[in-house]
Amino acid sequence: MELQITWFFLWGLLWAVFFMTDGFDFGIGTLLPFMAKNDKEKRTMIAAMGPFWDGNEVWLIAAGGVTFAAFPILYATMFSSLYAALMLILFALILRGVAMEFRSKVENDSWRGIWDMCIFIGSAAPAVLFGVAFANIFKGFPIDANGYHGTLLGLLNGYGLLGGILFLFLFLEHGALWLCIKTEGELQARAYRFANGVWWVMLTVALLFLIATKYETRLYDNYYANPVLFLLLIVNVAAFVQTKFFLMKKAYFTAWFSSALAIVCCIFFGIIGLFPTVFPSSIDDAYSLTAFNSSSSPLTLKIMLAVVLIFVPLVIAYQTWAYFLFKDKVSKEDLEEAY
Amino acid sequence: MDVVLLSRLQFAAATMFHFLFVPLTLGLSVLIAYMETRYVQTEDETYLRMTKFWGKLFLINFALGVVTGITLEFQFGTNWSRYSEFVGDIFGSLLAIEATTSFFLESTLIGVWVFGWKKLSKKAHAACMWLIAIAGNLSAVWILIANGWMQHPVGFDIRNGRAELVDFRAVVTNSFAWLEFLHVVAGAFVLGAFFVMGISAWHLLKKQNTDFFTRSFRIALPFGLAAALFVSVVGDFHGAHVAEVQPEKLAAMEAHWETKTNVPFYLLVVPDEKNETNLLEMIEIPGLLSFLVTGDVNGEVRGLKEFPKEDRPPVLITFTAFRIMVALGTYFIIITLIGLFLRKNLADSPIYLQVMLCSIPLPYIANLAGWIVAEVGRQPWIVYKIMRTADAASPIAASQVGISLVAFILVYGLLGAVGFWLIARNAAKGPETANLAVN
């Protein structure tokens with residue numbers, strides 16, 4: 001019981017860390033065709049995430065792997081039910097990954113144009129689709145004893161789309177802040193103006209999402225039952241406000257960190273509201289998957305807990321080291337070296 | 001076509017495409033780490049240029065390996081949900097352990113290695129490549145423990161309709177998995193070595209950067225020879241173990257129908273699956289198959305007819321893939337041995353260089369053939385003797401899988417073509433000129 005509860009929150013944490021880290025890559029990739037005025041600026045934007053995106057993406061693999069290991073029935077049901085949506089995400093991620101590597105290898109405008117488009121699609125599509133998927137998880141799926149009855153278009157309901165838009169704007173803000181940290185001059189000024197302006201949009205979408213959540217989901221039930229949980233929402237709003245505050249003070253790293261905290265809070269807002277459900281049925285609660293009826297055996301949960309408790313802190317340690325190693329502005333050498 | 005067949009085709013396409021890139025990542029990372037270490041030790045700039053030249057090819061290949069790996073992690077859930085539910089306890093945890101212990105390290109350090117030339121000391125930068133090589137090969141350990149469990153399941157009980165873990169130690173010490181790992185990794189090292197030797201041969205034939213490519217060739221040559229010898233020795237042990245725990249697979253690999261003692265080995269065989277016999281058996285070596293399988297020329301080798309038809313793997317595919325793999329494995333040993341004699345006059349051995357250039361695709365074929373033996377030879381089981389492949393697929397519409405299969409073939413085909421074209425283009429360009437490389 002305790003093991004399953006622990007794993008439920010660890011599962012949420014891995015997804016949250018994935019969105020917190022790879023989120024800024026998605027944001028930068030989406031901004032690429034609009035913010036950069038020339039090839040050098042494009043290369044600078046790509047180099048701003050260059051040393052990190054690969055490691056960031058592994059949080060997705062870890063989240064997927066942990067879903068498989070700790071909640072195999074959830075893994076099997078969720079990914080086979082959301083088959084088409086997941087395939088779209090995977091193909092988009094494939095495009096992004098190869099485009100980052102291929103783009104610089106040939107000096108030709110149309111060649112680079114193709115891969116720029118792939119980076120854009122490979123960043124914007126997963127951002128939106130992950131938002132759509134999570135909003136639908138909050139809402140519940142048409143699932144019963146005979147399996148899943150939904151369609152890809154069914155996922156694109158109003159609330160799902162709002163979730164997609166929310167994720168996209170969270171990541172756009174997050175990415176623009178990272179560009180403020182890693183670039184200088186005109187590009188940085190543009191990123192700064194964008195981050196400043198888009199913050200209002202992001203906040204509006206987030207508030208709309210909070211309101212829609214009240215009518216579209218049962219997430220608030222847990223909050224009403226334990227009002228102390230509303231503290232999380234307060235922290236979430238505070239993190240948003242802090243983001244803006246430090247951005248205006250041009251303390252970019254603190255602003256980015258606040259934005260990271262805001263993203264983690266957003267994910268946990270949903271995770272706490274879901275508890276202990278992991279895949280709710282919109283037809284009848286009896287068919288909902290929970291942390292208790294979809295988990296692995298206690299032995300697997302224990303072994304995996306030991307692995308995660310040892311290795312995840314280690315991963316965080318060396319990834320933090322890598323972030324500090326490349327905390328400086330993108331340099332001329334960076335552009336020559338790789339992109 | 002039904003959803004099982006479509007899902008199998010999709011999985012085969014996705015996995016084999018992934019495995020076009022993984023072996024080079026495993027093999028070449030070790031060679032590059034060695035080159036960079038030599039640079040740290042000798043301060044000889046040629047080693048640095050080698051590191052950068054081969055590193056560039058490595059990175060293009062690495063990107064394709066990574067992106068094609070992501071889809072695999074999720075395909076068990078999308079296409080094989082019944083299997084995933086059944087084995088998540090064990091198989092899922094091994095994949096999760098792979099990500100947390102190995103793949104994180106490899107992916108994080110790749111970024112550090114690419115951008116860290118100026119930020120790290122020379123030693124630390126070389127150490128970074130060693131860690132990448134180790135992490136990559138450690139990934140292979142976990143993935144092959146997972147595959148080894150499907151081949152020879154151990155350490156579990158069937159409870160609540162699922163295979164639940166009862167003995168983790170038995171799972172990670174599964175001898176099938178470790179023989180498989182050693183065989184696969186050695187095969188990957190052969191591929192890495194032949195890649196370096198083949199491209200070096202091309203430049204040597206063109207008489208450009210002779211010193212650079214002679215030295216690259218000579219680094220790869222002993223590595224390739226050692227790996228080629230190792231892969232066949234381990235392969236021999238692996239085969240004997242397969243005969244013990246998966247006798248149907250061994251019988252299919254050899255197209256061996258009747259259980260007999262003192263079984264000969266025929267160099268030429270044409271199996272006839274329908275009539276449960278071989279159309280042709282020529283050039284007999286008496287007692288050899290018995291000897292290879294049991295260590296005794298009079299040993300008994302179980303034949304396919306001993307097993308019910310519905311439990312036998314497809315014979316023709318398994319047999320052909322196995323023959324191709326063994327023939328190529330033998331060729332790798334012979335051709336690298338010849339190289340050992342010519343190593344002092346490589347530039348003056350155009351025929352040998354031609355042969356080595358044309359040999360680049362062969363380890364790819366051998367590696368894929370090996371996987372076909374392992375996976376097709378396990379059929380009709382997805383988990384040997386525990387779960388049938390036919391019972392493992394997701395309960396989803398065949399049309400969905402059909403569409404994604406077409407998408408996989410198109411996208412992968414296109415990206416693969418572009419990827420190999422880029423590798424070839426950069427390989428042909430040759431290394432940076434001397435004094436540029438340091439900065």
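Reader: Let's start simple: in which helix does Asn236(A) lie?

Author: Quick ground rules: this is a predicted model, where local features need pLDDT of at least 70, side-chain atom pairs count only at pLDDT 80 or more, and totals for chains, interfaces and linings use all residues. Residues are numbered from 1 along each chain as its sequence is written, chains are lettered from A and ligands numbered from 1 in the order written, and side-chain values use heavy atoms, with hydrogens and water left out. Helices are DSSP runs of H or I with at least four residues, strands are E runs of at least two, and both are numbered from the N terminus. For Asn236(A) the run covers residues 230-248 of chain A, and that is helix α11.

Reader: Is Asn236(A) buried or exposed?

Author: Buried means under 20% relative accessible area, exposed means over 50%, and partly exposed is in between, with a 1.4 Å probe and protein chains only. Asn236(A) has 6% relative accessibility, so it counts as buried.

Reader: And which residues does Asn236(A) touch?

Author: Contact means heavy atoms within 4.5 Å. Leaving out residues up to four places away in sequence, Asn236(A) touches Ala262(A), Cys265(A) and Cys266(A).

Reader: On to rings: why is the pair of Trp15(A) and Phe18(A) edge-to-face?

Author: A pair of aromatic rings is described by the distance of the centres and the angle of the planes. Here rings of Phe, Tyr and Trp (its six-membered ring) pair if their centres lie within 6.5 Å; planes under 30 degrees apart are stacked, over 60 edge-to-face, the rest tilted. By this rule there are 78 aromatic pairs over all chains. Trp15(A) and Phe18(A) have centres 6.4 Å apart and planes at 75 degrees, so the pair is edge-to-face.

Reader: What separates Trp15(A) and Phe18(A) along helix α1 of chain A?

Author: Trp15(A) is buried, and so is Phe18(A). Because they are three residues apart in α1 (residues 2-35), the separation is about one helical turn.

Reader: Why does the pair of Phe326(A) and Phe115(B) join two chains?

Author: This pair is edge-to-face, at 6.3 Å centre to centre with 75 degrees between the planes. Phe326(A) sits in the loop between α13 (298-325) and α14 (332-337) of chain A, while Phe115(B) is in helix α3 (residues 81-115) of chain B, so the pair joins two chains.

Reader: Which ring does Lys250(A) lie over?

Author: A charge sits over a ring if NZ of Lys or CZ of Arg is within 6 Å of the ring centre and within 35 degrees of the ring normal. Lys250(A) is 4.5 Å from the ring centre, over the face of Tyr192(A).

Reader: Where is the cis peptide bond that joins Phe275(A) and a proline?

Author: Its omega is about 0 degrees, and the proline is Pro276(A). Pro276(A) is found in the loop between α12 (252-274) and β3 (277-279) of chain A.

Reader: What is phi of Glu276(B)?

Author: Glu276(B) lies in the loop between β4 and β5 of chain B. With a relative accessible area of 18%, Glu276(B) is buried. Its phi is positive in a residue other than glycine, near 50 degrees.
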